[in-house]
Amino acid sequence: MRFGYHVGYWAAGPPPGAVDAVVAADRLGFDSVWTAEAYGSDALTPLAWWGSRTERIRLGTAIAQISARTPTAAAMAALTMDHLSDGRFILGLGASGPQVVEGWYGQPYPRPLARTREYVDVVRQVLRRDEPVVADGDFYQLPYRGGTGLGRPLRSTVHPLRPRLPVHLAAEGPKNVALAAEVADGWLPLFYAPSVDGFYREALAEGFARRSPDLPPPDAFEVSATVPVVVHDDVERAADVVRPFVALYVGGMGASTANFHRDMVERLGYVRECEAVAALFAEGRRAEAAAAVPTALVQDIALVGPPAAIRDRLAAWDDTVVTSILVQGDAAALRAVADLLG
């Protein structure tokens with residue numbers, strides 16, 4: 001099991017102490033650091049800015065939203081970041097949900113799996129740089145179909161440092177997870193719990209069965225799960241730190257008829273609890289929604305409590321498909337995890 005650090009995306013402004021935490025993660029021997037985007041801060045700029053202070057840690061986006069930029073633009077950013085970081089970049093991509101895709105980016109959301117498949121294919125063409133990039137898909141056409149007729153296939157002027165630069169996909173539903181196993185180098189789950197490991201093993205196996213032999217073998221596939229970590233002698237007070245995060249994703253990050261984060265939590269067995277949290281959140285009673293998140297749920301998807309309790313619960317993750325735990329917390333959480341491993 002490897003450990004990384006997930007900075008996440010910004011709230012009203014830059015997260016306090018983020019650069020110190022990123023530098024600490026590098027110094028403490030963490031394997032990777034990740035940034036995110038929703039509809040505020042972007043994922044790439046903070047990663048480049050903070051990552052310039054590091055020396056060895058891998059730098060990943062978890063996630064860069066595919067509707068935010070064309071696949072060639074994403075590939076340009078990836079090959080640029082890879083050169084600047086001396087081969088440490090991981091391109092993490094995700095489709096997001098209809099609320100953000102249509103409400104913020106003004107792009108259509110239907111058929112996200114097919115869109116993602118086309119997107120990854122174009123990115124890989126850019127990174128291989130073996131010939132000009134062409135695409136004739138339903139979502140992406142290069143050259144553009146129906147334009148002036150003056151476009152022509154192009155090849156990146158920059159030679160990629162690593163033509164096999166890793167591409168990871170965020171996914172929550174079984175079909176999306178299978179797609180990640182089929183076309184990507186890794187999977188980025190949110191709200192993962194050891195108790196549902198068998199369910200996701202089956203989804204991954206379905207995708208691996210369709211995987212091209214041109215890609216690295218399944219045993220090289222990475223699964224990097226974001227896991228909140230709060231070290232405190234009182235389990236309930238530690239869980240209180242995580243409850244608003246869960247309530248936001250269950251009740252506020254998606255439409256009532258399409259919330260893939262809530263689906264992931266309900267898959268853990270908390271259907272009635274999610275209904276209660278979502279109802280309170282919809283009424284604007286956010287504090288009550290957070291309070292309605294059960295401690296057992298927090299313990300399923302997070303590592304909270306005194307160091308000994310966290311160490312005990314870590315053991316449950318060892319036999320899962322997860323290859324990296326991405327710690328979501330502050331510098332103190334990073335040092336606590338480093339102490340547990342040391």
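Helices here are DSSP runs (H or I, at least four residues), numbered from the N terminus. This is a predicted model, where local features need pLDDT of at least 70 and side-chain atom pairs count only at pLDDT 80 or more, while totals for chains, interfaces and linings use all residues. Residues are numbered from 1 along each chain as its sequence is written, and side-chain values use heavy atoms, with hydrogens and water left out.

**Entry 1, the cavity.** I looked for cavities, meaning sets of points on a 1 Å grid over the protein atoms alone where a 1.4 Å probe fits but cannot get out. I got 1 cavity of 30 Å³ or more. The largest cavity holds about 40 Å³ of space, with volume taken as the space filled by probe spheres set on the points.

I then listed its lining (residues with an atom within 4 Å of a point): Val246, Val250, Glu273, Cys274, Val277, Val293, Pro294 and Leu297. Helix 8 (235-251) and helix 10 (271-282) are the elements giving two or more residues to that lining. Helix 10 gives the most, with 3 residues.

I checked helix 5 (residues 112-128) against helix 6 (residues 174-183): they pack at about 20 degrees, axes 11 Å apart. Axes are lines fitted to C-alpha atoms over the stretch in contact, and angles run from 0 to 180 degrees between N-to-C directions. So helix 5 is roughly parallel to helix 6, the label for angles under 35 degrees.

I also noted contacts (heavy atoms within 4.5 Å): Leu113, Thr116, Arg117, Val120 and Arg124 in helix 5 meet Lys175, Asn176, Leu179, Glu182 and Val183 in helix 6.

Methods: Angles under 35 degrees count as roughly parallel, over 145 as roughly antiparallel, 65 to 115 as roughly perpendicular and the rest as oblique. On a 1 Å grid over the protein atoms alone, a cavity is a set of points where a 1.4 Å probe fits but cannot get out, and a pocket is an open set with protein on both sides within 12 Å along at least five of seven lines; lining residues have an atom within 4 Å of a point.
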